[in-house]
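The following exercises concern the structure shown below.

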Amino acid sequence: MSLASEHLWSPVRWAENGGVRLAFDALTEGADGEPLLLATGLGVNRLWIPDGLCRMLAARGFAVARYDQRDSGESTHLPPAPSRTPISALFAKRETAYTAEDMADDAVAVMNALGWRSAHLLGVSLGGAVAQRVALRHPGRVRTLTSMAAVPGDISGLRTMRYIRMRTLAKFARLRFPDTPDGAVEAGIAVSRLLASPHRTFDERAAREAAERNADRGMHDQQAQSRQIGAQWHGPRISAITRPTLILHGEDDPLIKPSAGRAIAARIPDSRLVLLPRVGHEFPACAWDRVTTEVRGLATAYASRQLPSSAGD
């Protein structure tokens with residue numbers, strides 16, 4: 001992390017959910033705004049959410065916090081699971097490391113550690129599915145739900161495959177890099193290239209600079225990714241979500257088909273789908289204004305409707 005970024009974020013803090021410790025921090029800008037918790041994607045740490053996007057969210061009135069999901073970043077990594085790759089985890093009938101309910105409870109544990117009775121949620125990729133599950137399992141803790149580049153949160157295993165571009169997932173699973181800082185940088189560049197929109201020129205220099213600032217070994221930790229993918233959801237269907245919901249999805253997403261976003265929007269009552277042009281499975285700068293505008297609009301509509309946001313579930 002750069003010196004400038006270190007001053008932008010609070011020192012790392014820890015939340016606990018059973019035997020799992022969850023690393024999180026908060027943006028120093030906009031600390032008196034409306035609580036907004038960011039949940040990240042498969043395997044990656046919290047630093048992959050661009051600082052520029054977070055600062056733009058703060059400028060729109062949010063107090064922004066982010067956390068490392070279990071099995072990523074500085075949070076607890078669990079023992080090895082039977083499945084060794086993300087693809088084999090999709091085919092597995094059962095994983096025993098932990099459940100999707102555990103991952104939803106992790107987000108609430110972070111909110112508790114922050115002292116937030118309720119918060120807006122923005123989850124990306126796997127984080128989007130987690131955010132949907134938080135809205136189902138702990139509705140009183142969720143002001144609004146924004147799910148981006150995610151599959152429906154109530155499916156798992158083989159049912160997920162209808163929404164995943166298996167060719168891209170296979171390429172992802174074949175990536176092999178040394179478990180070293182240099183290997184993490186090269187993995188970061190390769191994954192960024194793989195997930196970028198094909199309708200924008202890939203900026204390898206910028207991708208390398210980003211990967212060097214954040215040499216995240218989770219980008220190629222397939223054991224950890226397998227445990228996250230293998231976490232099974234046993235709760236209600238997403239049609240039971242009652243919180244104001246926004247679904248964002250890149251039109252050019254090379255990993256999760258836009259049909260996943262359409263399916264979520266069709267099933268969550270009164271939700272809204274926004275497809276982002278020239279956006280892949282990523283957070284490019286060209287999309288930040290649209291994303292932050294939509295999240296702000298959802299939060300403003302929530303406030304105007306004076307929906308309940310008590311701490312009870």
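The model is predicted.

**Exercise 1. A residue in a helix**

Task: State where M56 is placed, and determine whether M56 is buried, partly exposed or exposed.

Solution. 
- Step 1. M56 belongs to helix α2, which covers residues 51–59.
- Step 2. A residue is buried under 20% relative accessible area and exposed over 50%, with partly exposed in between.
- Step 3. The relative accessibility of M56 is 26%, so M56 counts as partly exposed.
- Step 4. Leaving aside residues up to four places away in sequence, M56 touches W288, D289 and T292.
- Step 5. E29 is 27 residues from M56 in sequence, while their C-alpha atoms are 9.9 Å apart in space.

**Exercise 2. The order of the strands**

Task: Give the order of the eight strands in the open sheet, and identify the edge strands.

Solution. 
- Step 1. The open sheet has the order β1-β2-β4-β3-β5-β6-β7-β8, and its pairing is mixed.
- Step 2. The edge strands are β1 (13–17) and β8, each of which pairs on one side only.
- Step 3. On average, neighbouring strands of this sheet are turned by 25 degrees against each other, direction ignored.
- Step 4. Within the sheet, β3 (residues 34–39) and β5 (residues 119–124) pair in the parallel sense over four bridges. Here L36 stands opposite H120 in β5.
- Step 5. Helix α5 (residues 126–137) packs on the sheet and touches β3, β4 (62–67), β5 and β6. The direction of α5 makes about 145 degrees with that of β5.
- Step 6. Helix α11 (residues 288–305) lies across β3, β4, β5, β6, β7 and β8 and runs at about 155 degrees to β6.

**Exercise 3. A strand and its neighbours**

Task: Determine how many residues of strand β7 are buried, and describe how β7 is joined to β6 and to β8.

Solution. 
- Step 1. Strand β7 covers residues 245–250, and six of its six residues are buried.
- Step 2. T245, I247 and H249 point one way from β7, whereas L246, L248 and G250 point the other way; all are buried.
- Step 3. Strand β6 (residues 142–148) runs parallel to β7, joined by four bridges. L145 stands opposite T245 in β7.
- Step 4. Strand β8 (residues 272–276) also runs parallel to β7, joined by five bridges. The bridge partner of I247 in β8 is L273.

**Exercise 4. Two helix pairs**

Task: Classify the orientation of α7 relative to α8 and of α6 relative to α7, and name the residues in each contact.

Solution. 
- Step 1. Two packed helices are described by the angle between their axes and the distance between the axes.
- Step 2. The axes of α7 (residues 181–195) and α8 (residues 204–213) come within 8 Å and cross at roughly 135 degrees.
- Step 3. Angles over 145 degrees count as roughly antiparallel, and those from 65 to 115 as roughly perpendicular. Therefore α7 and α8 are oblique to each other. Their crossing is right-handed.
- Step 4. V185, E186, G188, I189, S192 and R193 in α7 meet E204, A207, R208, A211 and E212 in α8. These residues divide into four nonpolar, two polar and five charged.
- Step 5. The axes of α6 (residues 166–174) and α7 come within 11 Å and cross at roughly 175 degrees. Therefore α6 and α7 are roughly antiparallel to each other.
- Step 6. T168, K171 and F172 of α6 make the contact with V191, L194 and L195 of α7. The residues of this contact divide into four nonpolar, one polar and one charged.

Definitions and conventions:
Residues numbered from 1 in each chain as written. Predicted model: local features only at pLDDT ≥ 70, side-chain atom pairs only at ≥ 80, totals over all residues. Heavy atoms only, no water. Axes fitted to C-alpha atoms, helices over the stretch in contact; angles between N-to-C directions. Parallel < 35°, antiparallel > 145°, perpendicular 65-115°, else oblique. Left-handed = near helix turned anticlockwise from the far one by under 90°. Contact = heavy atoms within 4.5 Å. Nonpolar A, V, L, I, M, F, W, Y, C, P; charged D, E, K, R; others polar. Buried < 20%, exposed > 50% of the residue type's maximum accessible area, 1.4 Å probe, protein only. Pairing = 2+ DSSP bridges.
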